Amino acid sequence: MTAPTMPTLLVLDADPPPRLGRLTGRARIVHTDEGGLAARLPEADVLLVWDFTSHAVREAWPGEGPRPRWVHTASAGVDHLMCPALAASGTVVTNARGVFDQPIAEYVAALVLAMAKDLPRTWEYQRQREWRHREGLRVAGTRACVVGSGPIGRAIARTLKALGVTPALVGRTPRTGVHGPADLDRLLARADWVVAAAPLTDATRGMFDARRFGMMQPSARFINVGRGALVDEDALAEALSKRWIAGAALDVFTHEPLPPGSPLWRVPGLLVSPHMSGDTVGWRDELGSQFVELYERWAAGRPLVNVVDKSRGYVPGH
């Protein structure tokens, strides 16, 4: 009697690679880099996109031959891998929903406190050995507009609320506790803190432009922990330079890593961080464990969770 063939798991690698020891003897694991992905895709039953900064899947997917039945990306966003051919296929796509929610919420809270209490200048004055007294802002009693009503946006709203901030969530569809797109401009105009945590879709690309920065209060601060392309970066730089808004913090950018010659490094009032808001000690192990648990569900024929609606570009639901 012939032994059943083990499924082939293809891993688009990044350094360090995922720990998949629990799948020994349960999957034929093949590792590849961007250059080898197109040739390897036809032999794979499952694709793990461990290198979630790569666009290789989007480029290789339309090629010849069979395609994996399931693709999992070790990230919340899926815009780096989605293409028309993948969207139209019968392949199931899942993401790392749930891993980054609270870490990103804590990071946003840290940015709010840092900007309210003027910590960047405090550290700069310390390096210069200058004693400069200033007055900070009170965070409790302020208002936030959080754009993106998924798990990350909801975690941000809960965490800010614990600081005494009144948050308003904005999502694709209005529902209890969530405002729809029609309310966005009104909420932006009264917010002290505007937080972008939305997925990147055709509807959200470039949504924070000169018009929207122009309608914010001069005292408002803007934070982007969603996707870089949500923001017109030139418009944000102009808004800060002309003091249309009081400050901003970007953790994600249209082009990453941010080139050393980018003018964003020198924009007054802008905090730049290297796409690290969700990355806490042990985060890669958590991503690996999440995938293994999903693989066990898939191998047992049970329904997968974190299934992305490929037409929308994110996991639907509350």
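User: Which residues does valine 108 touch, once residues up to four places away in sequence are not counted?

Analyst: In this predicted model, valine 108 touches Ile156, Leu160, Val195, Ile223 and Val225 under that condition. The general idea is that in soluble globular proteins nonpolar side chains tend to be buried together. In this case Val108 is among the residues with the most contacts inside the largest nonpolar core, which has 45 residues, and the others named with it are Leu9, Ile156, Ile223 and Phe291. Strand 1 (8–12), strand 3 (46–49), strand 6 (143–147) and strand 8 (193–196) each supply at least two residues of this core, as do helix 4 (101–116), helix 6 (151–162) and helix 10 (283–299).

User: Which element gives the most to this core?

Analyst: Helix 4 does, with eight residues.

User: How should I read the sheets, and what is the strand order in the open sheet of six strands?

Analyst: Strands of a sheet pair through backbone hydrogen bonds, either parallel or antiparallel. Here the open sheet of six strands has the order 7-6-8-9-10-11, and its pairing is parallel. Strand 7 (166–170) and strand 11 (270–272) stand at the edges with a single partner strand each, so one side of each has no neighbour in the sheet. On average, neighbouring strands of this sheet are turned by 15° against each other, with direction ignored.

User: How many bridges join strand 9 to strand 10, and which helix packs on this sheet?

Analyst: Strand 9 (residues 221–224) and strand 10 (residues 247–250) run parallel and are joined by four bridges, and within strand 10 it is glycine 247 that stands opposite arginine 221. The helix packed on the sheet is helix 4, which touches strand 8, strand 9, strand 10 and strand 11, its direction making about 155° with that of strand 9.

User: What is the order of strands in the open sheet of five strands?

Analyst: That sheet has the order 2-1-3-4-5, with parallel pairing. Its edges are strand 2 (28–32) and strand 5, and because each has a single partner strand, one side of each is left without a neighbour in the sheet. From one strand to the next, the twist averages 20°.

User: Which bridge partners can I inspect in strand 3 and in strand 4?

Analyst: Strand 1 pairs with strand 3 in the parallel sense over four bridges, and there leucine 12 stands opposite valine 49 in strand 3. Strand 3 is joined to strand 4, with which it runs parallel, by four bridges, and leucine 48 faces histidine 72 of strand 4 as its opposite residue. As to the side chains, in a regular strand they alternate between the two faces of the sheet. In strand 3 both faces are covered, with Val46 and Leu48 buried on one side and Leu47 and Val49 buried on the other.

User: Is threonine 159 buried or exposed?

Analyst: Threonine 159, which is found in helix 6, has a relative accessible area of 15% and is therefore buried, the cut-off being under 20%. A polar atom of the threonine 159 side chain lies 2.9 Å from the backbone oxygen of alanine 155. Leaving aside neighbours within four places in sequence, threonine 159 is in contact with Gln102, Ala105 and Ala109.

User: How does arginine 121 count by relative accessibility?

Analyst: Arginine 121, placed in helix 5 (residues 119–127), counts as partly exposed at 43% relative accessibility. From C-alpha to C-alpha, arginine 121 and serine 149 are 32 Å apart in space and 28 residues apart in sequence.

Note on methods
Residues are numbered from 1 along each chain as its sequence is written. This is a predicted model: local features need pLDDT of at least 70, side-chain atom pairs count only at pLDDT 80 or more; totals for chains, interfaces and linings use all residues. Side-chain values use heavy atoms; hydrogens and water are left out. A nonpolar core is a set of buried Ala, Val, Leu, Ile, Met, Phe, Trp, Tyr and Cys residues joined through side-chain atoms within 4.5 Å. Buried means under 20% relative accessible area, exposed over 50%, partly exposed in between (1.4 Å probe, protein chains only). Contact means heavy atoms within 4.5 Å. Two strands pair if DSSP finds at least two bridges between them. Axes are lines fitted to C-alpha atoms, for helices over the stretch in contact, and angles run from 0 to 180 degrees between N-to-C directions. A polar contact is a pair of N or O atoms within 3.5 Å; within protein, one must be able to donate a hydrogen and the other to accept it, and residues adjacent in sequence count only if both atoms are side-chain atoms.
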